[in-house]
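Take a short walk through this structure.

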Amino acid sequence: MAEEKLKILYLMQILLEETDAAHPMNATQLCDRMEARYDYTYNRKTIYSDIERLKQYGLDIGQTKGRNFGYYVDKRDFDLAELKLLVDAVQSSKFITKEKSEDLIRKLEKQTSNANARQLQRQVFIYNRTKTGNDSIYANVDAIHSAIHDNRQICFKYCEWTVKKTLARKKDGADYVVSPWALTWDDENYYLVAFDAEAGKIKHYRVDKIQEIRVTEEERLGREQFKDFDLAAFARKTFGMYGGEDRFITLEGENHLAGVVIDRFGTDVIMFPKDSGHFQASVTVTVSPQFFGWITGIGKGLRIVSPEDVRQTYASYLRDIMKQYGE
């Protein structure tokens, strides 16, 4: 009797794992698979009635016509294109370890048929991508989410890389105590955005460089600072999550570089023509070596117009670099 009650679940499992629009199975094939996989004898008449019950349950079962007649699971929680995007995101994320990437991709494969899962497997090539070796990031993220949900501060040790490729604790291992407000993903790294009450300002921290995190009993601070906080705008103006002073600057560039500026600052950037071959754009950025590096990487087609002190700081930045090459 117990096996009899399980038969419809076995049938659903076969449909989920082994069928899709390109790989339907007719009643005879389903009976054969039931016997091969579960040693259960099914008859075709029962197949038809159980498929109707599964449809009533909510499983989206399609049906092909003609010579290739059969049943298959049609719509799923994720279509194949969505799963490919998720696999790409997992394998390109530096903050996810190689082992965890493989585990997550295996779980994503279970969201489609076996045939489609093989397409996902052919897409995987994570071994040539930089990956963190820090498994504690998952516990860190969980603790941060818990603290945000419970409106609590967090305490942790913060680290930086040394030339020996080891993580050394900053501030001689002293605790960092901050109020977490958001998590963001920038340049393939995961960052905590938090309010540092001692410094009186918003700061960010690489989650994979956090150690010994714990949620405290103290309520979060910084509600006023985060009342109108725009995480997307924060990420656009902050290059590589590198700290610095926020400044409103004007850039001038050749017209073919308009897309570069829009890609960085979004379509709501203030942009207007300078002449037939150039445009100007006004943006708020966190002035830092990372921002100067971005300007330098684009080349002479883009320059800082104002303010003058930022222009001079950038010129000094370039001179210091040239000195290293004897110029």
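Begin at the hairpin of E6 and E7. Four residues lie between its strands, and glycine 200 there takes a positive phi near 70°. The model is a predicted one. Strand E6 covers residues 189-196 and strand E7 covers residues 201-206. The two pair in the antiparallel sense, over six bridges. Aspartate 196 stands opposite lysine 201 in E7.

Strands of a sheet pair through backbone hydrogen bonds, either parallel or antiparallel. Now look at the open sheet of four strands. Its order is E10-E11-E9-E12, and the pairing is antiparallel. E10 and E12 (302-306) are the edge strands, and each pairs on one side only. Neighbouring strands of this sheet are turned by 40° against each other on average, direction ignored.

E10 and E11 pair over five bridges in the antiparallel sense. Proline 273 has phenylalanine 279, in E11, as its bridge partner.

Isoleucine 270 belongs to strand E10, residues 270-275. Its relative accessibility is 46%, so isoleucine 270 counts as partly exposed. Together with Phe248 and Phe272, Ile270 forms a nonpolar patch on the surface. The accessible area of the three together is about 290 Å².

Threonine 286 sits in strand E11, residues 278-287. Threonine 286 counts as buried because its relative accessibility is 4%, and buried means under 20%. The side chain of threonine 286 also makes a polar contact, at 2.8 Å, with the side chain of aspartate 246.

Note on methods: Residues are numbered from 1 along each chain as its sequence is written. This is a predicted model: local features need pLDDT of at least 70, side-chain atom pairs count only at pLDDT 80 or more; totals for chains, interfaces and linings use all residues. Side-chain values use heavy atoms; hydrogens and water are left out. Patches are made of residues with over 30% relative accessible area and no salt bridge: like charges are joined within 9 Å, nonpolar side chains (Val, Leu, Ile, Met, Phe, Trp, Tyr) within 5 Å. Accessible areas come from the Shrake-Rupley method with a 1.4 Å probe; for residues, only the protein chains shown count as cover. A salt bridge is a side-chain nitrogen of Lys or Arg within 4 Å of a carboxyl oxygen of Asp or Glu. Buried means under 20% relative accessible area, exposed over 50%, partly exposed in between (1.4 Å probe, protein chains only). A polar contact is a pair of N or O atoms within 3.5 Å; within protein, one must be able to donate a hydrogen and the other to accept it, and residues adjacent in sequence count only if both atoms are side-chain atoms. Two strands pair if DSSP finds at least two bridges between them. Axes are lines fitted to C-alpha atoms, for helices over the stretch in contact, and angles run from 0 to 180 degrees between N-to-C directions.
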